[in-house]
Amino acid sequence: MKLYYSPTSPYVRKVVILALETGLDAKIERIPAATTPVAQNPDVAKANPIAKVPTLVTDDGLHLFDSRVICEYLDTLHAGKKFFPADASRWAVLRQQALGDGLLDAALLVRYEGFLRPDDKRWSDWADGQMKKVLGAMAEIEKLAPSFGDRVDIGMVTIACALGYLDFRFGDMNWRQKYPQTAAWAARFFERPSVKATVPVG
């Protein structure tokens, strides 16, 4: 399989963590593909009409995109404990994935507004509105964190990637001080080899 990826993308990180956790990483060729909302990568655009990473090309030529779809596909390829449970816990886990992805979506929009958009076109109210979503997601994660325990599923992976993105792009947020239950859980989860191996740099 071929994975078009950027090492700093938190959505790519979700896919790579799941691949490492399930032993599928050796079956995936990673193809670096830098892309932004204003500068598409032509190779990614050929494989994915939305021209975003991650994009996975399967062994039988199926082109999959969106980290949620790719992760669920990979979860069908291994015999271990599933990251997308089929039992009654499924909806709670998927909700937690949506919570982490929602945090990421909002944080990325704040990042793009302050980093990619020209100074004279920036809209502070827009960035503030997105940051309110980030803070709302963090408050919910803080409420849920005591129940996370030592679970490893797509909800936990997604929330870990969202928190890692805050570390990477919003270091001055100091979320560990403001959300101690979340920090205590993250301190344990971040010790997983798959998480350590995918910390973004740059």
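This is a predicted model: local features need pLDDT of at least 70, side-chain atom pairs count only at pLDDT 80 or more; totals for chains, interfaces and linings use all residues.
User: Why is it called a cavity, and which residues line the largest cavity?

Analyst: The word cavity applies because a 1.4 Å probe fits there but cannot get out. Its lining consists of Pro7, Thr8, Ser9, Pro10, Arg13, Cys161, Gly164, Tyr165, Thr198 and Pro200. At least two lining residues come from each of α1 (10–22) and α6 (154–169), and α6 gives the most, with three residues.

User: How do you know which class each residue in the lining of the largest cavity belongs to?

Analyst: Arg counts as charged, Gly as polar, and Tyr, Cys and Pro as nonpolar. On that basis, the lining of the largest cavity has five nonpolar, four polar and one charged residues.

User: What makes the largest pocket a pocket, and what is its volume?

Analyst: A pocket is an open set of points, with protein on both sides within 12 Å along at least five of seven lines. The largest pocket has a volume of about 880 Å³.

User: Which residues lie nearest the centre of the largest pocket?

Analyst: Tyr11, Lys52, Val53, Leu108 and Tyr112 do, out of 31 lining residues. Two or more residues of this lining come from each of α1, α3 (67–75), α4 (90–115) and α6. The largest share, seven residues, belongs to α4. By class, the lining of the largest pocket divides into 16 nonpolar, eight polar and seven charged residues.

User: What is the order of the strands in the open sheet?

Analyst: The four strands run in the order β2-β1-β3-β4, with mixed pairing.

User: Why do β2 and β4 stand at the edges?

Analyst: β2 (29–32) and β4 (63–65) each have a single partner strand, so one side of each is left without a neighbour in the sheet. Direction ignored, neighbouring strands of this sheet are turned by 25 degrees against each other on average.

User: How do you know that β1 and β3 pair?

Analyst: Pairing requires at least two bridges. Strand β1 (residues 2–5) and strand β3 (residues 55–57) have three bridges, in the antiparallel sense, so the two strands count as a pair. Tyr4 stands opposite Thr55 in β3.

User: Which strands does α3 touch where it packs on the sheet?

Analyst: α3 touches β3 and β4, and its direction makes about 120 degrees with that of β4.

Technical notes:
Residues are numbered from 1 along each chain as its sequence is written. Side-chain values use heavy atoms; hydrogens and water are left out. On a 1 Å grid over the protein atoms alone, a cavity is a set of points where a 1.4 Å probe fits but cannot get out, and a pocket is an open set with protein on both sides within 12 Å along at least five of seven lines; lining residues have an atom within 4 Å of a point. Grid points are joined across faces, edges and corners, and a volume is the space filled by probe spheres set on the points. Axes are lines fitted to C-alpha atoms, for helices over the stretch in contact, and angles run from 0 to 180 degrees between N-to-C directions. Contact means heavy atoms within 4.5 Å.
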